[in-house]
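User: I'd like to go through this assembly and ask what stands behind the labels. Can you take me through it?

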Amino acid sequence: MYDIKALYEAESLDHAVRLLQEHPSAQILAGGSDVLVQVREGRRAGVELVSIYMLDELRGVSIDEEENIRIGSLTSFSHITNDPIIQKYINVLGEAVDMVGGPQIRAIGTIGGNTCNGVTSADSASTLMAWDAVMEVTGPEGVRRVPIKDWYIKAKVVDLRPAEIQTAILIPKESYEGCFGHYIKYSMRNALDIATTGCSVNVRLSEDKKTFDRVRIGYGVAAPVPVRAYTAEEFIQGKEITDENIKEFAETVLKDINPRDSWRAGRALRRHISVVMAERALRESISLAGGVVNG
Amino acid sequence: MSKEILGQAVTRLDARDKAMGRIKYTDDLCDKGALVIRVLHSTVANGIVKKIDTSEAEKIPGVVRVFTCFDIKEKHYFPTAGHPWSTDPHHQDIADRLVMTDRPLFYGDDIGAVVAEDEVAAAQAIRVLEKSVEYEELPFVLDAQEAMKEGAPLLHEDFPNNVLTHTEIHMGSVEEAIKEPGLTKVEGWYHTQPVQHCHIENFICYAYGEGDRTVVVSSTQIPHIARRVIGQALGMDWGKFRVIKPYVGGGFGNKQDVLYEPLCAWISIQMGGRLVKLDVPREETFICNRIRHEIKYHITSWMRPDGSFAARTMKAWVNNGAYSSHGHAIAAKGLNAFPQLYPCDNIDGETWTVYTNRSVAGAMRGYGMPQASYAFECHAEDCARAMKMDPLEFRRKNLMPVGYYHAFSKNELYSDTFNQCFDKGAEIIGYYDKVKEYANQTGDIRRGIAVSTYWYNTAVYPIALETSSCRIVMNQDGSVQFQLGETEIGQGADTVAAQMISDTLGIPLDMVHPVSCQDTDVTPFGTGVYASRGTYTLGFSIKQTALLLKQKVLEAANQFTRMPVYNLDIVDGNIIRTTDGRKLMTIGELALEKLYTTEGSQHLTAESTYQIRSNAYSFGCCFAEVEVDIPMCRVRLLNIVNVHDCGQVINPMLASGQIHGGQSMGIGYALSEKLLWDAKTGKPLNNNLLDYKMSSFMDHPRLVADFVENYEPTSAYGTKGLGEPPVCPVAPAIRNAIGQATGLYINELPLSPHTLFREFTDAGLINDSFAE
Amino acid sequence: MATQLLMAKSPEEAVNNKTATAAFLAGGTEVNRLGSDIAVKADMLISLKKCSGLSDITEADGYITIGSMCTFQDLIESDTVPCYLKEAAHFMASRTKRNMATIGGNIASLRSDSYLIPTLMAVGAVLEMEGNNGSCRIGIAEYVDRSEADALITSVTVPKEIKVISRRFANTAQSHAVLTMSAALTEEGIWLDGAVKNVGLLHFCDLEKAFREDPDISEEAIIEMVRVCTGLHTADDMFGSDTYKRYLIAVTAYDLHKRLVGKEV
Amino acid sequence: MDRQYKVVHCTINGKKVEQVVDVRASLTDMLRNDFRLTSVKKGCEVGECGACTVIINGEGFNSCIYLAVWAEGKDIWTLEGLTGPGGELSDIQQAFVDEGAIQCGFCTPGFIMTSWEIVNSGKEYTDDELRKALSGHLCRCTGYENIFRAVKKTMLRHLGKYDEAELVNSQGITEYPEPMPFK
């Protein structure tokens, strides 16, 4: 049994927003795989909760009229992995969320919860960061869209204003078209684990597949919040697909990331792994995009 | 007499019930009306509790009672180890624990308890209480060698320098031996880490009053010992307690200590026999129960040119944590094994068991031998490399030879078990080809293969009492129920025992029913299961008791068939005349007649105790094949093959299950498991199943288990211990395989990315230009 | 099977909801009793527990008015309720049952072994009823003859000063009574009423007439009169034979009359 | 301190039920305490060990971190529901018995529910996919070996590949398994 002061079950999105207004101290409960665990640990004991789990209107993946890929915030990890649209346009996201915890966690966990807890180790966050996702939030003042780079304010804090609920995550067409990516989750065991470091790379190659038209690389647990390695991206922009460029790109990421030293992993290990993962994820992305190194 | 029931892969007797989900574990039996107990734990690693203000906690709705260490009027210090009691005071375990103490010696020590209507109120009360404890904090020490130094904080007055015990062994003269010319000296420090049992069912017990006694239902491996320890802990007659052990969700040695049964019983008594349940949450299982001893070894060997040992020395520092629990037994077992595994004329061995302000270390599958095997086999590999010999050949040359006799334990190696196991394992995994194939590789991804072995015996003779009692009761249809002190904790003891009775008594297996859950009021005395004693020790009392019963049955048969007893036998549930093989009557007809006859009616039952005064070597080996991704600092175990000689295998399916379980625990021990503490506060850092990296389904390759069956002459059914041995050789085998792959032989566990990164960087396998 | 429960807050609410298939639930000793089919047949029970105004006992010009939800024990412990009614209430032997059973419930049950109805009939009690068209008053005798099912008894009014004697005959205190008989001395003479098991609630007008016409009539005559009386439909059953019941009625009537008229003490 | 209650209407093991629950209760609490379905086990209560896994609308969930009130209108199956009216074991339960996939039995209920989902999915999982599908459960006794074999055999039988199922070696003793591909 959980130490919850009160549970308010929202029947609709508007109802949820109204509940959040009526109970300003209440927190949002989606799948609960983070929140309920923290209630049990005592960090959130005695909290009021607004449960939005029953809101099917916030589930599902679709292409909207602006040809964005629209992912409902309550879509569970397993449903994202198996969704045809995701598999077609941004399969790396399906692969990334398929590494969260175990199958049961992926059945209950939602991508909204994974991005609203503001945790840098969130498996979906580094990939969404690398694909310039846009967060759609709905609140008393209506709908607001926040690019993911502005979404994470600081560790565990996101740009979610009072009585606002994240309702969808959008991947603009310009961001996914002609794009191929690969995610590597570095963890101490192959399941039921949180990322020690997560690295998501995607590439858009030139017509002749000889040069990099655009490369994006996002990291989890390389900083207090998920980050992009912009310096490395700018360096490799337009360059040829050669081993040297790939190597230099990989080492340049260190200019943008600042992993910390902790009992979970030392700083030197995190920096080293970040570089190795950058190279491997880039190489995998290149082959997915049909490119050949030194070709 | 048909022998085929022994050695048959019979389905576990409780498998169906477990597959249907109707098996009852402790929590499933406890009435919903039980009050919930939550223990208040010390948040300092060393200190004195000055005051606990319970007023706030008592106001929380749903909280029924709050106890603190100050409610313990009479301090009864008690031992917690699941050792059989000894009437000789020198042999008794150190009694240094209290149900609740005002002198916490590790972060997590028990200083109070809350009794509430539900776990929410209990948790609320604990959070409030934790803020209302006034400590006098004292400096603490976490490392064993640091704890021995002068000026280190002293945990127990009567143990200067925190040394619980220090023992030595000396054979021949190392001093003289090393003067021999042409010797090669090989030296190494080997360091194993603290890990935890992680049985999926946490420890749980509940207690209630019944008449003037208290019943404790507990998930334990040692019900009879638990009853004795509860009596000692509460300063009451042992008969005032009754311990019942339902089905257990795994023990691995953690439940071979008496954990919270005394506190639970004490609370029930304070509340007039009220039904109270103490259910330990996973986070407390990690630090407030028992863990495996962290041990540091320093081993030196002097090798002759032909690769034989001239002299060897060993030192081991064993970190025992805050209380004695099993005391020096773990260290002693390692020290005792050192001169036996690789015999040598000149040996100096020394080991210290040391108190530190850390979670209490106790029995864990292997009881000190996984640590010792890691050190011994890493060192053996280092010696082989120093002498440029093939590691396997080096071992064959130096391991304990056939016919070896150990005076103290009277153990004897009756068969060439090491070589048989090596041959079989090498053949299965294709060792010889791969060793050549993987020699001196280069590149980022490299493979390696290696073998390791270990020393192990069965049960604890002659160090402690080994006794087993059995009662077999025959029903009117000739079927029997049997009761044993040896407890079923998942290893299959009941099934194996049933097979033995079926064999000796000569009745079909489906007529043999275990009374699986021990109840100290009814079950004949037995000390439970540990030290891989199960199959070996229960075999003695079963055979003896079954033969007693058989004698009574045949005497009854004589009465009804007029045939002399020596011409009668029981085969397949029938009374047979041995002279012509004729079936005279069925066992059912006999049992019915003998019970209801008006001339000499008798209830056919037999009960007896057998004190085991023998031991048995149980050896084997592990071959491990790994793939090392050097840049990613990760090791992937491709294949693992364990071959064990546990004497006659009674049930191959259950036996291979024991090996799989041991391999799995060994893999985690080798690659990812480690308990961590914050050096500044002494607070545990990863006491939960997410941050403590126990192997998951995806961290294992296929596990291959095989046997070499050398009938053990000293054993009732030719069996030898198998529960713990499979854990021992896995970690060294993996370490040595990584060594072959990368040329780096690492002397520390676990071989996790952290360790590999540091070692690879030091060795230049990784040289990041960007390193800071 | 009654699957709905209405906690009526007032008699009006109770009556408004009283459909043919609903049943009133007062103390519950009758409705909830094993073997009673009232709760089985009904689809809704209308509980009167929370009804206001049904459990007061008031006195006015020689008459006592008792709320229908007063329990038997309320009667016994009340200062204003006349002794004769307390005696009748004591016919219910079980104290715990008396704590639950209500006056209105006992009357409405119209049981042929009723504890109270013979006494109430003998004293000419008047019931106040709450029906679909408001409240009305009706004599107990008239109620016994044709009780209006959907109306709710709200109170019973009885005279304070009246000479009444009641008798109850049963195997044990807890058993059902084979005969409960009451006699009251009124201006017109003696009133004789009774409950005969498995026969019903009877007004012994022939006997009353016989005693009025010849106060000294002999016991034998009374016995003979009842023995041959064709209007009385007693029969042999587990409570006794037909002849035994007629004899019992006769001697009891004679005894009560003799005590009341007080020739011999 | 008045508590919040709610009536939950759902189907458990094929039977329509209604139950008043405290909104703070987890689904494990409801199944164990209100319905006495004690096959649902508590090993960690944080969604790590999988011992509390039940099937909800065809998918495996950790019932310990699933609020009881969310069960409204759901179709829930626990291990007690897989056994036939006369005590007949489903083929996945029988496989766990025959392959020695059960030792202490505490993780078994959770494992069998996820395995039931796998073998009834009609999909053929590769060895790696099978390990991943079962990776939401921790076990300390079996090293997962016999469990893997029991599930693989039952999956193949469900797909009608009976001879291939028999090839999955029985005691894992002699046949030399192929190494796990690097991922």
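User: What makes S6(C) and strand S8 (residues 152-159) of chain C a pair, and which way do they run?
Analyst: Five bridges join S6(C) to S8(C), and the two run antiparallel. Two strands pair if DSSP finds at least two bridges between them, so five bridges meet that cut-off. As one example of who faces whom, C:Glu130 stands opposite C:Leu152 in S8(C). Before we go on: this is a predicted model, where local features need pLDDT of at least 70, side-chain atom pairs count only at pLDDT 80 or more, and totals for chains, interfaces and linings use all residues. Residues are numbered from 1 along each chain as its sequence is written, while chains are lettered from A and ligands numbered from 1 in the order in which they are written.

User: How do you know that strand S6 (residues 126-131) of chain C also pairs with strand S7 (residues 134-139) of chain C?
Analyst: Here six bridges join S6(C) to S7(C), again with the strands antiparallel. In S7(C), C:Cys136 is the bridge partner of C:Met129. A hairpin of two residues links S6(C) to S7(C). The strand names themselves are DSSP runs numbered from the N terminus (E, at least two residues; helices are H or I, at least four).

User: Why are H10(B) and H11(B) called oblique to each other?
Analyst: Two packed helices are described by the angle between their axes and the distance between the axes. For helix H10 (residues 329-341) and helix H11 (residues 369-386) of chain B, that's about 40° and 9 Å. Angles under 35 degrees count as roughly parallel, over 145 as roughly antiparallel, 65 to 115 as roughly perpendicular and the rest as oblique. About 40° falls in the rest, so H10(B) and H11(B) are oblique.

User: Which residues make the contact between H10(B) and H11(B)?
Analyst: H10(B) brings B:Lys333, B:Gly334, B:Ala337 and B:Leu341, and H11(B) brings B:Met369, B:Gln371, B:Ala372 and B:Phe376. Sorted by class, that's five nonpolar, two polar and one charged. Ala, Val, Leu, Ile, Met, Phe, Trp, Tyr, Cys and Pro count as nonpolar, Asp, Glu, Lys and Arg as charged, and the others, Gly among them, as polar.

User: What makes you say that no contact joins chain B and chain C?
Analyst: Two residues are in contact if their C-beta atoms, placed from the backbone, lie within 7 Å. No contact joins chains B and C, and their closest C-alpha atoms lie 29 Å apart. Chains C and D have no contact either, with closest C-alpha atoms 15 Å apart.

User: Which of the three pairs of chains that touch has the most contacts?
Analyst: That's chains B and D. There, 60 residues of chain B are in contact with 54 of chain D. On the chain B side, H18(B) gives the most, with 10 residues. That side has 30 nonpolar, 17 polar and 13 charged residues.

User: Where do the domains of chain B come from, and what are their bounds?
Analyst: The bounds come from an automatic or database domain assignment. Chain B has domain 1 (31-138 + 203-279), domain 2 (294-460 + 615-763) and domain 3 (467-611). The centres of domains 1 and 3 of chain B, taken over C-alpha atoms, are 39 Å apart, yet 19 residues of domain 1 are in contact with 15 residues of domain 3. H7(B) gives the most to the domain 1 side of that contact, with four residues.

Technical notes:
Axes fitted to C-alpha atoms, helices over the stretch in contact; angles between N-to-C directions.
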